[in-house]
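Trainee: I am new to this structure. Could we go through it together?
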Amino acid sequence: MKRLIKLKRIKLKRDAPERFASFLGYANPKYRAEWFHILIADYCQKLYSGEIKNLMVFMPPQHGKSEIISRNFPAWVLGKNPDLKIAGCSYSLDLASQFSRSIQRTIDSKEYQAIFPDTYLNGSNVRTDTKGYLRNVDIFETVGRRGFYKAVGVGGGLTGTPVDIAIIDDPVKDATEAYSATYRERVWNWYNTVLSTRLHNDSKQLFIMTRWHEDDLAGRILKAEPQDWTVLVIPAICEFENDNGLSERHVGDALWPWKHSLAKLQKQQQRAPREFAALYQQHPTIEGGNIVKRDWFRKISMAEFLALRYNEPMHFYLDTAYNKKKVGKDNDPSGILAACRIQNNIYLYDAQSVYKEMPDLLRFLPDYISAHKGNNESKLNIEPKANGVSVVQMLREISTLNVKETPTPTEDKEVRLRVVSPRIECGRVFIVEGSWNEEFLNQVCAFPATSHDEFVDVLGYAINDLYEEDEYIDYDEIQVF
């Protein structure tokens, strides 16, 4: 047995300088690599060798991604090339500094020095040329070379620091940050104004995280430049046979069963399905929907709807936004929904998101209502928030539209959607088939893990208004779980 262990160590030592996956076991004799650890290590090596330029790795928490990428990969690449300049970024400087200390301990080890003797740090060995080279928890430089590793917290500065490899490990700490639009915008601004300005033509980026929100940093980057990134997604519970060619797992198998059993994962999934879908399966939206499920909406063809409608008036529901000058950034679209009630069912006829400033919005609304079955009995319901008050006042002055102010809600959006969701779940809300269906369903069913929510608002307005004659909903009597 001892001989076998010794032979294995000899082989790891021989292979470690050339293969990162071997380095993991060589640097830490107690390290037990699973198939997905080796897979991640090989993708990291592809990044170093230039086979891929930018890599995102999405996998569950506590499955070893930081050990590979944030603690060992920088040490290995600095051994290969001591001139590399690396920035290790995380949600806090403290966490990034912890990674820095681990990297330094690895470089100081006799095992490392045995395979990478040209890479060493100030004070790590008895050398005569270490004077003047920085070494602390935030930054260390390779002695006699041009390389360094700098630890950075999201929001921290990198002024004057060129970066060859940028490693971003979990830019958000918890759900509070992940679901905060303000914090997501802060991270996005930091990425664009600080980190990305330190990159050059040959720079590489390595991004690892568990997904909390579809509008998180990874989501925004992939939306902006999907063709520039290689994405490796490894869910906790296998969703496709053999992980689409990455493994030998079968559907339903746990990723690391001796560490995180399937029974343990399923309990976690039952406790918090939406969070499990995001953190463990890397789907910020639950398959089928979060609060509201896609299959709760009943579908009806346009011909069937027109034959059924007869004379019931079409009503309209508007959610206004603050600023419509540009799509994206801090700007949200206004949302408008056309809906009517026939007997005890609600029919959603059309919905649109529009980016329009006030004059264009005022011109747009009468035309939209006229084009979508509006008549003299139709009401345009507008909540007096944002610039809604101005829209109401000006429409009453310049048009003949029947404008009604929707009462300003006192509960947050999630509570309001949960209150009306039973109407949808019991099959009383129909969607008239049209090109707008997918955009509407994608947003409503993804909420609250979505970047916009105008359709969520107008859907709630419509259901409450169209059932107003039957009952008054007392939010204080509703228990939201």
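Mentor: Asp350 is a place to begin: it belongs to strand β11, residues 345-354 (strands are DSSP runs of E with at least two residues, helices runs of H or I with at least four, numbered from the N terminus). This is a predicted model, in which local features need pLDDT of at least 70, side-chain atom pairs count only at pLDDT 80 or more, and totals for chains, interfaces and linings use all residues. Residues are numbered from 1 along each chain as its sequence is written, and side-chain values use heavy atoms, leaving out hydrogens and water.

Trainee: Is Asp350 buried or exposed?
Mentor: Asp350 is buried (under 20% relative accessible area, with a 1.4 Å probe and protein chains only).

Trainee: Which side chain makes a polar contact with Asp350?
Mentor: The side chain of Tyr368 does, at 2.5 Å (a polar contact is a pair of N or O atoms within 3.5 Å; within protein, one must be able to donate a hydrogen and the other to accept it, and residues adjacent in sequence count only if both atoms are side-chain atoms).

Trainee: Changing topic, what is the strand order in the open sheet of seven strands?
Mentor: The order is β3-β4-β2-β5-β6-β1-β7, with mixed pairing (two strands pair if DSSP finds at least two bridges between them). β3 (139-141) and β7 (230-233) are at the edges with a single partner strand each, so one side of each has no neighbour in the sheet.

Trainee: How many bridges join β2 to β5?
Mentor: Five bridges join β2 (residues 85-90) to β5 (residues 163-169), and these strands run parallel. Ala87 stands opposite Ala166 in β5.

Definitions and conventions: Buried < 20%, exposed > 50% of the residue type's maximum accessible area, 1.4 Å probe, protein only. Lys, Arg positive; Asp, Glu negative; His and termini not counted. Salt bridge = Lys/Arg side-chain N within 4 Å of Asp/Glu carboxyl O.
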